[in-house]
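Please keep the coordinates at hand while reading.

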Amino acid sequence: MLTHFQYSSLYENKQLPGWKFSFYFAKQKYAGYYHQDGSIEWKSEKPEARDEEELKGRIHELMLYHVYDNQR
C-alpha cells in the first residue's frame, strides 16, 4: 500500500506544470518528479521492476485527482 503521499509544485509560479512527490511503499521512501505529460522521473532509488508499473498507475491517479480534478 502506498502511504503518506505528498506533492508540491516544482516552480514558484504554480501555474507552470511539474510537481515533485514523495510517498512510502513497503517501508521504503520514494520520491520523484511528475511531468505534465504524465511521465515520472525517480529522484530516489527506483522501485523494483515488479512494483514500478503499479506504483506509476497509483501516482498518476493521485495526481489526476489532486491536481487536475481540483482545478475545475
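## A pair within the helix

Which side chain meets that of Arg 58 in a salt bridge? In this predicted model, the partner is Glu 54, with an N to O distance of 2.5 Å. The two residues are 4 apart in helix 1, which spans residues 49-68, so about one helical turn separates them. Arg 58 counts as partly exposed at 30% relative accessibility, and Glu 54 is likewise partly exposed, at 38%.

## Other salt bridges

The count of salt bridges comes to 5. Side chains of opposite charge can pair when their charged atoms come close. One of the pairs joins Lys 43 to Glu 41, whose closest N and O atoms lie 3.2 Å apart; Lys 43 is partly exposed, with a relative accessible area of 48%, and Glu 41 is partly exposed as well, with 33%.

Another pair brings together the side chains of Arg 50 and Glu 48, at 2.9 Å from N to O. Here Arg 50 counts as exposed at 65% relative accessibility, whereas Glu 48, with a relative accessible area of 45%, is partly exposed. Salt bridges also link Lys 46, Glu 52 and Lys 56 into a network.

## The nonpolar core

The largest nonpolar core is made up of 14 residues, and those with the most contacts inside it are Phe 21, Phe 23, Tyr 34, Trp 42, Ile 59 and Met 63. The elements that contribute two or more residues to this core are strand 1 (2-9), strand 2 (19-25), strand 3 (28-34), strand 4 (40-42) and helix 1.

When neighbours within four places in sequence are left aside, the residues in contact with Phe 21 include Phe 5, Tyr 7, Tyr 30, Tyr 34, Ile 40, Trp 42 and Ile 59. Gln 6 and Gly 32 are also among the contacts of Phe 21.

## Positive phi angles

Which element holds His 4? His 4 lies in strand 1, and although it is not a glycine, its phi is positive, at about 55 degrees. With 61% relative accessibility, which is over the 50% cut-off, His 4 counts as exposed.

Ala 26, another residue other than glycine, has a positive phi near 50 degrees. Ala 26 is located in the loop between strand 2 and strand 3, and at 64% relative accessibility it counts as exposed.

Note on methods:
Residues are numbered from 1 along each chain as its sequence is written. This is a predicted model: local features need pLDDT of at least 70, side-chain atom pairs count only at pLDDT 80 or more; totals for chains, interfaces and linings use all residues. Side-chain values use heavy atoms; hydrogens and water are left out. A salt bridge is a side-chain nitrogen of Lys or Arg within 4 Å of a carboxyl oxygen of Asp or Glu. Buried means under 20% relative accessible area, exposed over 50%, partly exposed in between (1.4 Å probe, protein chains only). A nonpolar core is a set of buried Ala, Val, Leu, Ile, Met, Phe, Trp, Tyr and Cys residues joined through side-chain atoms within 4.5 Å. Contact means heavy atoms within 4.5 Å.
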